Amino acid sequence: MQIGYLRSAVVLGLLAAVGPFAIDLYLPAMGEIVRDLQTEDAAVHMTFTVYFVAFGVAQLIYGPLADRFGRKPPVFLGLAVFILGSYLCATAADVSALTIGRFVQALGAAAPMVIVRAVVRDLHTGTEATRLMALIMLVFSVSPMLAPLTGSLIIEFGSWRLIFVALGVIALAAVTQMALLLPETLPSDRRARIDPVAMLRSAIYLLRDAKFLGLTLIGGFSLASFFVFIAAAPLVYMTRYGLSPMGFSLVFALNAVGFFASSQFAAMLGQRFGMARVALLATCGFAAATSLLFVLVWNSIDDLPVLMALFFIGNTCLGQVIAPVMVMALEEHGEHAGMASSLGGTFQMVAGGVMIFLASPFFDRTPLPLTGAVAACALTAFVIALLTLRPERREKAAT
């Protein structure tokens, strides 16, 4: 089935942005939430951990549903759950209620992310899939660039609770555009009944595939670094460096620009040099930039321009990692696309949640724990990339 690249990218990009928008939109409000709910930083960080873990685990459900009922029904179900979670967050009386609301939100937000990856695999493979994924990420880039800015504007004129009202409206808009603009991409003759035994076998098959597992973990720890940044950076930048919510939003947008602008060259570079080689070199650059930043901060060289420059370089490298490893992980598993997408998403999101949980006790509104956690994720991704994309596997992985 051929659907125009532009229409596919716009619909799928906006759909994929719902979950991340729910993360980025309330970043500038973290300080206000801490004060209003009379809680501590660690409790608010836990709302991120719960969100990422629930988001990851829920993908194991939506993948099989997408293989059984088609790509669209699970999205409608998920976004309805997301809207319910947004309501719970908007009316939360304390941080525990907010955490529960974030959990419900994440259960719903997982659906669009799974379906987007599966639809890309339905439509294209190889460099064509990378090209579409890069276009989706271009649309998707609106989220981390505009979401914090939008959140900061909302809290300028109203309560942080309005942020979650806005998220419910965004989800409703996503349901509408999905229903009207994207046809079903999984024909009825290719759908598989939900068979727990078959699902277990499919999962075991994928988990025993060293290449699939390695690529998934590369993406997982790479994204985990960004999730750690999301959780810790707002209070670091606004407390340590005295940035306003709007100032932090602009700095955050700069990192997003580097990430998504770089991702647009992934297909071109992958076609010319091989996706595996591009991903390996980009992972190396990402680890080098973030490790250098940690060493500088360790030695008390922690001026704001230093953080901004090296985080920008690191995230620019990261933009060359995510799309290629996602495509390569699904490339050889067309018959297991739903399960492969679910497992891949689960590993990636759970890795982010676990890293935030492990690092959160050390977050003290200074840049040292932040840069250390990001560098640890980047170095782990690089080591796995060396093992997975070693020279004798590159040619096969790139084709």
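Predicted model: local features only at pLDDT ≥ 70, side-chain atom pairs only at ≥ 80, totals over all residues.

Visitor: At what angle do helix 11 and helix 12 pack?

Guide: A helix pair is described by an angle, an axis distance and a handedness. Helix 11 (residues 210-240) and helix 12 (residues 245-263) pack at about 145°, and their axes are 10 Å apart. Their crossing is right-handed.

Visitor: Which residues in helix 11 and helix 12 meet?

Guide: From helix 11, Phe226, Phe229, Ile230, Ala233, Pro234, Tyr237 and Met238 take part; they meet Pro245, Phe248, Val251, Phe252 and Asn255 of helix 12. Classified by residue type, this contact has 11 nonpolar residues, 1 polar residue and no charged ones.

Visitor: How many aromatic pairs does the structure hold?

Guide: The count is 15 aromatic pairs. In one of them, Phe229 and Phe311 lie edge-to-face, at 4.9 Å centre to centre with 70° between the planes. This pair joins distant parts of the chain, since Phe229 belongs to helix 11 and Phe311 to helix 15 (residues 304-318), 82 residues apart.

Visitor: Why do Phe229 and Phe311 count as buried?

Guide: The class follows from relative accessible area, where buried means under 20%. Phe229 is buried because its value is 2%; Phe311 is buried because its value is 3%. A further pair, Tyr237 with Tyr241, is tilted, at 6.0 Å centre to centre and 55° between the planes. Tyr237 and Tyr241 are both buried.

Visitor: Which residues form one aromatic cluster?

Guide: Phe226, Phe229, Tyr237, Tyr241, Phe248, Phe252 and Phe311 form that cluster.

How values were computed:
Residues numbered from 1 in each chain as written. Heavy atoms only, no water. Axes fitted to C-alpha atoms, helices over the stretch in contact; angles between N-to-C directions. Helix = DSSP H or I, 4+ residues; strand = E, 2+ residues; numbered from the N terminus. Left-handed = near helix turned anticlockwise from the far one by under 90°. Contact = heavy atoms within 4.5 Å. Nonpolar A, V, L, I, M, F, W, Y, C, P; charged D, E, K, R; others polar. Phe/Tyr/Trp six-rings, centres within 6.5 Å; stacked < 30°, edge-to-face > 60°. Buried < 20%, exposed > 50% of the residue type's maximum accessible area, 1.4 Å probe, protein only.
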